[in-house]
Amino acid sequence: MARPCKKRRIGGTPGCRRFGPGRGGCPAESAVTLSVEEYETLRRIDYEGLSQADCAAVMAAGRTTVQAIYRSARKKLATALVEARPLIIGGGDYILTSVAAPISKGENMEQRIAVTYDDGQIFQHFGHTSQFKIYDIQDGAVAETAVVDTNGQGHGALGGFLKNADVDALICGGIGGGARMALADAGVALYAGVSGEADAAVAALLAGTAAYQTEANCDHHGEGHHCGHHHRHGEGHPHDGQHHCGHAGAHRETQA
């Protein structure tokens, strides 16, 4: 089995993702694409003045890895300047370590999906999630991902966190009524009652095969919790009994 790619740690995404010649310049299809990790090495080494060793430590990557990323970034930057080609920053699979930095969505991205996240899985308690995995969607597919820390913010602030991050939809396990209202006020679509791998859940949502709830309630009482009743799409009555958070088969809807 191949070793999973280790995600580099990024201190902030670029405030502007597209640069290039003005009117009469090269066509967009000739653009040079700089990954977010390559942008980060330029920011850390050339802008902040870090050594390559210090940059590697900050990004949680090997020094030889950072050297290779940095060389590639410098070559792409030089190519864009010398050949007067547009430069686009985007793509990558990384961990964003500073939520204070702008979490910008690329101008060509159609949608941004957030998932409550814990070591590759969907974290089941929205109000206690310490991380979200962010997926930027372009042409119906995942173009870029990032893991962001919530810095211990509770459920009352997480709706605002997602709104500020320009998130369009949330996939999660259990979620309380107050949090659902906050998400609705923020204009964030909710896909709740989902469990399993975060990447697989996003793929299912994009394919229109996701099983989810729109009203998966989760209230915590001491050490335990339970979720409220749920409805199966197309039926006019609730199921008998209750279910535990994270059972993904409770409700299926076909996406438009």
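The model is predicted: local features need pLDDT of at least 70, side-chain atom pairs count only at pLDDT 80 or more, and totals for chains, interfaces and linings use all residues. Residues are numbered from 1 along each chain as its sequence is written, and side-chain values use heavy atoms, with hydrogens and water left out.

**The chain overall**
- The chain has six helices and 13 strands. Helices (H or I, at least four residues) and strands (E, at least two) are DSSP runs, numbered from the N terminus.
- Of the 256 residues, 44% are buried. Buried means under 20% relative accessible area, exposed over 50%, and partly exposed in between (1.4 Å probe, protein chains only).
- Take the contacts between residues at least 6 apart in sequence: 64% of them join residues at least 24 apart. A contact means heavy atoms within 4.5 Å.

- Three strands make an open sheet with mixed pairing, in the order 2-4-3. Two strands pair if DSSP finds at least two bridges between them.
- Strand 2 (18-19) and strand 3 (32-34) are the edge strands, and each pairs on one side only.
- Strand 3 and strand 4 (residues 87-89) run parallel and are joined by three bridges. L34 stands opposite I89 in strand 4.
- Helix 3 (residues 63-82) packs on this sheet, where it touches strand 3 and strand 4. The direction of helix 3 makes about 145 degrees with that of strand 3.
- Helix 1 (residues 36-47) also lies across strand 3 and strand 4, at about 70 degrees to strand 3. Axes are lines fitted to C-alpha atoms, for helices over the stretch in contact, and angles run from 0 to 180 degrees between N-to-C directions.

**Helix 1 against helix 3**
- The axes of helix 1 and helix 3 come within 8 Å and cross at roughly 95 degrees.
- The two helices are therefore roughly perpendicular to each other. Angles under 35 degrees count as roughly parallel, over 145 as roughly antiparallel, 65 to 115 as roughly perpendicular and the rest as oblique.
- Residues of helix 1 including E37, L42 and I45 meet residues of helix 3, among them V66, Y70 and L77.

**Helix 6**
- In helix 6 (residues 198-207), the buried residues are A198, A201, V202, A204 and L205.
- Down the helix axis, these residues fall within an arc of 160 degrees, so they line one face. The arc is that of the directions from the helix axis to the C-beta atoms.
- The buried residues of helix 6 pack against several strands, including strand 6 (111-118), strand 8 (131-138) and strand 9 (141-149).
- G208 follows helix 6 and has a positive phi, near 80 degrees.

**Strand 8 and its partners**
- Strand 8 is mostly covered, with six of its eight residues buried.
- Strand 8 pairs with strand 6 in the antiparallel sense over six bridges. R112 stands opposite D136 in strand 8.
- Eight bridges join strand 8 to strand 9, and these strands also run antiparallel. K133 stands opposite V147 in strand 9.
- The hairpin of strand 8 and strand 9 has two residues between the strands, and D139 there takes a positive phi near 55 degrees.
- D139 counts as exposed, at 67% relative accessibility.
- M109 and D139 are 30 residues apart in sequence, but 8.0 Å apart in space, C-alpha to C-alpha.
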